[in-house]
Amino acid sequence: MNTLIIYTHPNHQSLSYAFLQEVLRGSRENAKVAEIQVLDLYEEGFNPVLVFNEHKRRRDMHSDPALAKYREQLLWADKVVLVYPIWWGRPPAMLMGYIDQMFASGFAYRDKGGLLPEGLLKGKSVVCISTMQGPTHYPLLMLHNAHKVLMRKALFNFVGIRKVKFFEFGSMESKRGKHAQKLERIYQYFKTVS
């Protein structure tokens, strides 16, 4: 299994970075994981801004040479792991900009003229690991699960990825946030997941 980890947080001293380290530790100890690649969007200097003009058209985004490396990573991966904080009820703009550009028509899906497109990334699985300041159940109770709906239905199911798992960790800025237990949970999951 090839695993692509997409890390989206500007601070390497953050709790998100600690979760990234546990994903790596568990994955390296998992005999089913053949190779691991990490894409740190901030360290990479990924440009999340969409630009469309007379030279760059949206319909050509699937073949933009500047994004070729990232397309190859997504095609290579069997499992995509996203590690990010929840800010204002959604992933950071950096990650959303990556999604806007990478999950383009002609690469991630193909319009068939009907209600739903044909997803072109079938057979892959996704794990979303997110942290937030508020309580764990806040997104469900106050935001009608907007984060999960966005990621699972509006994005991954749309491009053919049906296997999507979420770890949403709340109260992460609290001293009672059980950080060590949550980090251990991620390590154990990636140590055994197939």
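Across which strands does helix H1 lie, and at about what angle does H1 run to E3? Helix H1 (residues 15-28) lies across E1, E2, E3, E6 and E7 and runs at about 160° to E3, where contact means heavy atoms within 4.5 Å and angles, from 0 to 180 degrees, are taken between the N-to-C directions of axes fitted to C-alpha atoms, for helices over the stretch in contact. Helices (H or I, at least four residues) and strands (E, at least two) are DSSP runs numbered from the N terminus.

This is a predicted model, in which local features need pLDDT of at least 70 and side-chain atom pairs count only at pLDDT 80 or more, whereas totals for chains, interfaces and linings use all residues. Residues are numbered from 1 along each chain as its sequence is written, and side-chain values use heavy atoms, with hydrogens and water left out.

**The sheet**

Five strands form an open sheet in the order E2-E1-E3-E6-E7, with parallel pairing; two strands pair if DSSP finds at least two bridges between them. Strand E2 (35-40) and E7 are at the edges with a single partner strand each, so one side of each has no neighbour in the sheet. From one strand to the next, the twist averages 15°.

| Strand pair | Bridges | Direction |
|---|---|---|
| E1 and E2 | six bridges | parallel |
| E1 and E3 | five bridges | parallel |
| E6 and E7 | seven bridges | parallel |

Within these pairs, Thr3 has Ile36 as its bridge partner in E2 and Lys79 as its bridge partner in E3, while Ile5 stands opposite Val81 in E3. The bridge partner of Cys128 in E7 is Phe166. The chain passes from E1 through H1 to E2, and this β-α-β crossover is right-handed, a term used when, with the strands pointing away from the viewer, the path from the first strand over the helix to the second runs clockwise.

**Burial of the strands**

Six of the six residues of E1 are buried, so E1 is largely enclosed by the rest of the structure; buried means under 20% relative accessible area, exposed over 50% and partly exposed in between, with a 1.4 Å probe and protein chains only. Asn2, Leu4 and Ile6 point one way from E1, and Thr3, Ile5 and Tyr7 point the other way. In a regular strand the side chains alternate between the two faces of the sheet.

Beyond its neighbours within four places in sequence, Met151 is in contact with Leu82, Tyr84, Pro91, Ile99, Cys128, Phe156 and Phe166.

Gln101 is found in helix H4 and counts as buried at 8% relative accessibility. The Gln101 side chain reaches the backbone oxygen of Asn47 at 2.8 Å. Not counting residues up to four places away in sequence, Gln101 touches Phe46, Asn47, Pro48, Val49, Leu50, Met61 and Leu67.

Technical notes: A polar contact is a pair of N or O atoms within 3.5 Å; within protein, one must be able to donate a hydrogen and the other to accept it, and residues adjacent in sequence count only if both atoms are side-chain atoms.
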